Amino acid sequence: MDIIKKVTHYITNTDLYLVILALLCSAYGMVLIYSATLNPATALDGSTRNLFIQGAAILMGLIAFVIMSLIDLETMSGWWKIFVLINIGLQMLLFTPLGVEVNGQRAWLDLGPTNLQPGELGKLIFIFTLAAHISEIKEHINEWRGLLVIALHTLIMMGAVVIASGDTGMAIQYFMIALIMLFTAGLSLRWLGVGCGLAVVSIPILWNFILDDYQKTRILVLFDPSIDPETSRQATYGKIAIGSGQMDGQGLTHGTMTQMQLVPENHTDYIFSVAGEELGFIGCMLIIGLLVLLIARIFYVSYRASTTFSSLLAVGVGGMFMFQVFMNIFMNIGLLPVMGLTLPFFSYGGTSVLTMYAALGIVAGVRMREKPSWLQ
């Protein structure tokens, strides 16, 4: 009976809106994954295996959701420096024999039955450490010394990701997460303007000394696909697939380009193109609507949080979702270069699914520990 009471108490007090919206997104995603991998000739050996793996990842994600919601991260915030070192060490594991190359990028750890992407898990650790760090120096956030240490915190983690995996798309997510957390913490618009100016000035350095040739090509083909037709093929076919769906699509499992596997990685990075071709504008807007509701709920939890640290935790998760959704959809419609970013809850991928549910668990934990409404 005690177990039943505890389960009932948890269900009553957790944020069911987050769980329901996430499960709706996951269910919709599994439908799209089924269609995207229906052809048994695909590398993943057909839809049944994919659905089983994705379903297992969702189940594990729900367990992670519960576990993370029950952990009071604020009691651990004083250890944030240790977690920064742990996060760096996690990224550096890619240099060990565990590091494996997938789709031309060494960004995964081979753990036997499954692969783990350290950059994905590292985002959650980064949100925790940055929330703790900002909370610690919040009164000095608009002083150059305070801003400098936060910038170093962010740049160190971005550097660790890029050095270990070469994944600039992941590093950009870290930067975007930090930006929205700083803005929420009260960073002056003056400093944001200075930051934007520095970013513009650093473009030549980034272009000439950091980006590899293939990354430069991915950017250039946005403006002229003829520069490298093979590189531009994925983005071009993705746009064609979305456009061909028109208002209500060609029908589930009947999309010409989807079923002919003309769009590479259409079950992961380009799952949005599957929705566009087979379910049309309506199917795409349903995806956007569900994700907007989910992100809005996360920011609502942040607004209601009882402490600065808790509020920043939720904001960091909301920023992570918001920018990843934005970047993935814009990548699908050809307005951003291909960066290997999944669409949260919709794309196939165990690490991504597990990370997203764990992130929602962090937000649910904030919601469970917020002040009662009469104390607001």
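1. Ser165 is part of helix α6, which covers residues 144-165. The model is a predicted one, and every value below is computed from it.

2. Is Ser165 buried or exposed? Its relative accessible area is 15%. Buried means under 20%, so Ser165 counts as buried.

3. Which backbone atoms lie by the polar part of the Ser165 side chain? The backbone oxygen of Val161 is 2.8 Å from a polar atom of that side chain. The backbone nitrogen of Asp167 is 3.2 Å from a polar atom of the Ser165 side chain.

4. If neighbours within four places in sequence are set aside, the residues in contact with Ser165 are Leu94, Gln105, Arg106 and Ala107.

5. A separate topic is the second largest pocket, which holds about 340 Å³ of space. Its lining is made up of 16 residues, and Met68, Leu121, Leu124, Ile125 and Ala358 are the closest to the pocket centre.

6. Which helices supply at least two residues each to the lining of the second largest pocket? They are α3 (47-70), α5 (118-136) and α15 (350-368). The largest contribution to this lining comes from α15, with 5 residues.

7. By residue class, the lining of the second largest pocket has 14 nonpolar residues and 2 polar ones.

Technical notes: Residues are numbered from 1 along each chain as its sequence is written. This is a predicted model: local features need pLDDT of at least 70, side-chain atom pairs count only at pLDDT 80 or more; totals for chains, interfaces and linings use all residues. Side-chain values use heavy atoms; hydrogens and water are left out. On a 1 Å grid over the protein atoms alone, a cavity is a set of points where a 1.4 Å probe fits but cannot get out, and a pocket is an open set with protein on both sides within 12 Å along at least five of seven lines; lining residues have an atom within 4 Å of a point. Grid points are joined across faces, edges and corners, and a volume is the space filled by probe spheres set on the points. Helices (H or I, at least four residues) and strands (E, at least two) are DSSP runs, numbered from the N terminus. Ala, Val, Leu, Ile, Met, Phe, Trp, Tyr, Cys and Pro count as nonpolar, Asp, Glu, Lys and Arg as charged, and the others, Gly among them, as polar. Buried means under 20% relative accessible area, exposed over 50%, partly exposed in between (1.4 Å probe, protein chains only). A polar contact is a pair of N or O atoms within 3.5 Å; within protein, one must be able to donate a hydrogen and the other to accept it, and residues adjacent in sequence count only if both atoms are side-chain atoms. Contact means heavy atoms within 4.5 Å.
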